[in-house]
Amino acid sequence: MRLLRTAHAVRTFMPATHREWIYLPRQADLAALFAGVRNMECTSVVGVANLGKSATMRALAEPQVQAHFLGEDAVNYLFIYIDFNQMLEMSDQAFYELVLRMSVDVIRQHGIDSDLLRQVETAYTGVIAPASAFEIPLRFAQAMSVIGEQLPQRVVFLLDEVDEPVAGIDGRVFLNLRALKDRHREELTYITATNRLLNHIRPDPDVLEFAELFRHQILYISLLQEDETRRFIERFAQEEGVTFSDGDMAFIRSWGGGHPVLLETTCRILGLVTGQPVRDASQEWIIHRRASEMLTQDLNLQAESRKIWNNLSEREQAALLAVCEGTETTLSELDLVIAKHLVRVNGSERRLFCRAFEEFVQRQHVTRRTKQQGIRVDPDSGEAWVENVQVPTLTNLEYRLLLLLYGRIGKICTKYEVVEAVWGEDYIGDVDDARIEKLVSRLRQKLEPAPANP
């Protein structure tokens with residue numbers, strides 16, 4: 001399996017009809033996808049929830065974007081974008097209906113030969129009002145043959161949000177798509193967008209035949225690069241009327257890690273507590289500390305992290321837990337979560353891609369360990385129980401210390417690890433031993449049945 005690797009995004013501005021000039025992120029991803037289009041290769045776009053798959057797919061359908069990447073050859077391609085969230089029901093008939101409905105709309109918009117349009121419309125009618133169930137796939141195949149054989153352009157089907165259909169409808173639907181590609185290899189192709197690899201969604205023989213089309217072209221959608229993240233933050237600040245310093249920018253990148261929703265949530269929280277545009281280092285330290293406390297408890301941040309977590313297989317989750325714990329693992333899924341940009345690699349060091357998601361995974365780690373050790377923690381409420389007795393409410397700092405210590409049972413935690421996990425890496429050197437010892441003492445008083453004999 002050859003993975004499409006992405007380089008740093010290039011700052012590129014393109015004119016848009018009836019709009020101001022726009023900045024388009026993920027240039028490297030788009031360049032890789034259009035390179036595949038030129039060769040009519042099927043490409044699978046994979047990425048966790050809300051990372052930007054749909055935005056990238058919609059960008060592929062934009063004439064301005066096509067002209068930018070394909071140049072004069074853009075007129076030789078017809079892109080048909082299909083959002084499978086618009087399926088009327090989860091059935092093979094609804095799948096065929098949506099594909100042909102979107103195809104008819106695009107053909108009509110481009111003013112293509114009326115006889116060809118009439119043939120596709122007739123087949124579409126046969127799909128929505130068939131004489132028998134047998135007629136549905138037959139009419140669909142007829143329409144696709146007309147599209148593949150008679151359209152003057154090469155056709156690129158952009159199949160977005162296709163996870164649920166792959167998992168739920170008759171596998172023969174995808175076997176039919178495979179057959180159509182084999183029959184019209186140079187005339188039509190597919191780009192799919194899913195949260196997981198197609199063969200991981202459903203290892204059904206028919207689906208695996210379809211997934212085989214994509215095994216050489218898999219693009220793991222990238223996080224926003226540093227310059228793209230800066231533009232994202234600057235745009236948020238301008239729209240919301242807040243001012244972010246360079247230190248704020250670094251804080252937001254640390255928490256959001258290039259994930260659009262996590263970045264926006266971090267911007268919103270920091271924007272609520274940020275002070276004057278000009279402030280000294282001590283004021284900024286206080287602001288970031290307060291923002292960290294709010295982010296740790298923010299339900300939107302937790303919900304978005306849970307979406308990412310739920311998109312992963314159990315073995316991928318286990319790989320992330322191993323990274324969070326700092327233990328060695330030989331799981332093949334570790335390479336996969338690295339490819340999905342969920343883990344950053346720096347030499348021998350591996351870390352989760354942002355602090356917000358790291359906080360969430362750490363809670364998952366603690367929750368799983370507590371089930372075996374007689375202590376239970378609710379990661380959403382922040383409450384803890386010892387031997388089924390609820391302990392007094394923990395402060396934010398106490399709770400963060402608990403997550404760190406319990407996540408590393410049997411290991412020594414250094415002063416620096418405690419400061420980084422509880423206060424944040426920006427505060428290493430500012431927190432002395434006495435503050436750490438007092439925090440440990442307060443936590444022990446709440447958790448230990450006999451604090452003097454821990």
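The model is predicted; local features need pLDDT of at least 70, side-chain atom pairs count only at pLDDT 80 or more, and totals for chains, interfaces and linings use all residues. Residues are numbered from 1 along each chain as its sequence is written, and side-chain values use heavy atoms, without hydrogens or water.

**Confidence**
- The chain averages a pLDDT (the predictor's confidence in each residue, from 0 to 100) of 86.
- Of the residues, 90% score at least 70.
- Over residues 1-23, pLDDT stays under 50.
- Where pLDDT is low, the predicted coordinates should not be read in detail.

**Hairpin**
- Strand 9 (residues 343-346) pairs antiparallel with strand 10 (residues 349-352) over four bridges; pairing takes at least two DSSP bridges, and a strand is an E run of at least two residues.
- Asn346 stands opposite Glu349.
- Two residues separate the strands, and Gly347 in the turn has a positive phi of about 65°.

**Cores**
- A nonpolar core joins buried Ala, Val, Leu, Ile, Met, Phe, Trp, Tyr and Cys residues through side-chain atoms within 4.5 Å.
- In the largest, of 63 residues, Ile191, Leu320, Phe357 and Val361 touch the most other members.
- A second, separate core has 49 residues, including Ile82 and Leu198.

Terms used
Contact means heavy atoms within 4.5 Å. Buried means under 20% relative accessible area, exposed over 50%, partly exposed in between (1.4 Å probe, protein chains only).
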